[in-house]
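Reader: I am new to this structure and would like a close look at a single part of it. Could you take me slowly through one hairpin and what lies around it?

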Amino acid sequence: QEKKKSNNLVLSGVHGKDKVTVLRSRNGFLYSGGHNGSVLEHTLEKDANDDIYIMTTRSFHCGPVASVYYINWDAQGNMLVGGFSYNDFCLYDCTNPYLL
């Protein structure tokens, strides 16, 4: 796991060269979606100097979704991701991988 130093909680480079398109928080984690078709789960940590670091703890590939614009969870806790595949908007269940 690579630590990325962040001033003012800027998520720079967490999706590589692709942009971060959506942020959500849930149960103490920060989730980011990007133009690379993935969702990353992050934690925030402070060091002895009170510098804040963003640690990526998990990565979710979102099937046919190429650009993630929506992250939410259903009543059972399944992660639902919305975004575009070419010109089509898709809703994808990342917990039980299938296209809705």
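Author: In the hairpin formed by β6 and β7, 5 residues lie between the strands, and G77 there adopts a positive phi near 90°. Strands here are DSSP runs of E with at least two residues, while helices are runs of H or I with at least four residues, and both are numbered from the N terminus. The model is a predicted one, in which local features need pLDDT of at least 70 and side-chain atom pairs count only at pLDDT 80 or more, whereas totals for chains, interfaces and linings use all residues. Residues are numbered from 1 along each chain as its sequence is written, and side-chain values use heavy atoms, with hydrogens and water left out.

Strand β6 covers residues 67-73 and pairs with β7 in the antiparallel sense over 6 bridges, where pairing requires that DSSP finds at least two bridges between two strands. Within this pair, V68 stands opposite G83 of β7.

Y69, which is found in strand β6, counts as partly exposed because its relative accessibility is 40%. Together with Y70, F84 and F89, Y69 forms a nonpolar patch on the surface, with about 400 Å² of accessible area in total. Such patches are made of residues with over 30% relative accessible area and no salt bridge, like charges being joined within 9 Å and nonpolar side chains (Val, Leu, Ile, Met, Phe, Trp, Tyr) within 5 Å. A salt bridge is a side-chain nitrogen of Lys or Arg within 4 Å of a carboxyl oxygen of Asp or Glu, and accessible areas come from the Shrake-Rupley method with a 1.4 Å probe, where for residues only the protein chains shown count as cover.

As for the setting of this part, the protein has 0 helices and 9 strands, and 37% of its 100 residues count as buried.

Methods. Buried < 20%, exposed > 50% of the residue type's maximum accessible area, 1.4 Å probe, protein only.
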